[in-house]
Amino acid sequence: MSDTPRLPAAIWALGFVSLLMDISSEMIHSLLPVFMVTVLGTSMWAVGLIEGAAEATALIVKVFSGVLSDYWGKRKPLAVLGYGLGAASKPLFALATTSGMVLAARLIDRVGKGIRGAPRDALVADLAPPGMRGAAFGLRQSLDTVGAFIGPLLAMGLMLLWANDFRAIFWVAMVPGFMAVALLLLGVQEPAPAGPLPAVRPNPISRDNLRRLNDSYWRVVFIGALFTLARFSEAFLVLRALQGGLPVAYTPLVLIGMNVVYALGAYPFGKLSDAVSHRALLAWGLVVLIAADAVLATSNHWTWVTAGIVLWGLHMAMTQGLLATMVAEVAPPDLRGTAFGFFNLVSGLAMLLASTVAGVLWDQLGAPATFATGALFSLAALALLWHWRGAHP
């Protein structure tokens, strides 16, 4: 019998919870930019603002849920609340008749994502065996991303079957969302605290506790923000393919392709991150993102767009679980929720800026300017990694 440690069943369950919720969300999100532009008559600038505001809301809310999970000493109840809100928001997309209603639905959905995000990531770190944190985050991210390509695949099939009936597909998306909530309730047991809980819980964002989030942690936060500026909403990948002549019913193929690459790579790169330099792997991920931006800026022909989508997914596989692993490693165990929360607060502000700027650049200068600007931010992050090459981590 092998003595190799195995990841706990609860981490697998969390991965499948993410998979089901991503099927639900991506059935909607893979069609939403096209629905807004072709059905509701939304401008590109408004698409960028809605996408940026929605994702920023999710990331900003994470700071509060992360702090609360540290103060409370419990992760699972907040995760259940967040997944529940995400599932409950799905009918609102089917009922939307204006861009404002879409924005409201997106914000409710993303508030749910924000509430669950930091406690769930802290729970993964709490559950992971020593020396397997990268593999644990990679597995959860991989299963999450399987859902992110199954969802668009289902959406595309139903678009073809139901003659582009967006609203019917949005109703169907409710089902896997509520299945995710049920699995989390029944399949994940929160681990017992490592030691006795204090009679009075300290404030996680007190001055003394914030000092424990050291320079190594804030370097990871800053690099993560630069990554977010370089990697704006995937809605712009969908719209680049649409611009190149991809039929509306087939636009989910963009996210399917990206997420297949992402899902296949996330776990192997997560395991690799347990054995190699985090900084080196992060730098290679930036190189891949620069290549993706370059080919997407060059042409909207399907060959270039396909290459850009594959490179984008590879970059995500290399870096997203790695950044979470780096946060977990430099944060004190009792402040992990807070650490993930602040990391995502800064990334959320960067996402709002990135997606809004991307939409404005697209409207004013065209798609090549949007992707070229992403490449410039990637180069800036690469330069900063080089500057910090002698520092931990």
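I began with overall size. A compact globule of 393 residues would have a radius of gyration near 21 Å, and the protein has 20 Å, so the two agree. I note here that the model is predicted.

Next I took the extents. The C-alpha trace spans about 60 × 50 × 45 Å along the principal axes.

I then looked up secondary structure. I found 16 helices and zero strands.

I checked how the chain contacts itself. I kept contacts between residues at least 6 apart in sequence; 85% of them join residues at least 24 apart.

Burial came next. Of the 393 residues, 59% are buried. I also looked up the accessible surface, which comes to about 15400 Å². Carbon and sulfur atoms account for 70% of that surface.

I went on to the charges. I have 25 positive and 20 negative ones. Their mean positions lie 4 Å apart.

Which residues touch the most other members of the largest nonpolar core? I list Leu32, Phe170, Leu184, Tyr217, Leu282, Trp312 and Phe371, out of 110 residues in that core. Helix H14, residues 302–330, gives the most to this core, with 13 residues.

What is Leu32 in contact with, leaving aside its neighbours within four places in sequence? I get Glu51, Phe93, Val102, Arg106 and Phe170.

How values were computed. Residues are numbered from 1 along each chain as its sequence is written. This is a predicted model: local features need pLDDT of at least 70, side-chain atom pairs count only at pLDDT 80 or more; totals for chains, interfaces and linings use all residues. Side-chain values use heavy atoms; hydrogens and water are left out. Helices (H or I, at least four residues) and strands (E, at least two) are DSSP runs, numbered from the N terminus. The radius of gyration is taken over C-alpha atoms; the globule rule is 2.2 Å times the number of residues to the power 0.38. Buried means under 20% relative accessible area, exposed over 50%, partly exposed in between (1.4 Å probe, protein chains only). Contact means heavy atoms within 4.5 Å. Accessible areas come from the Shrake-Rupley method with a 1.4 Å probe; for residues, only the protein chains shown count as cover. Lys and Arg count as positive and Asp and Glu as negative; His and the chain ends are not counted. The place of a charge is taken as NZ of Lys, CZ of Arg, CG of Asp or CD of Glu. A nonpolar core is a set of buried Ala, Val, Leu, Ile, Met, Phe, Trp, Tyr and Cys residues joined through side-chain atoms within 4.5 Å.
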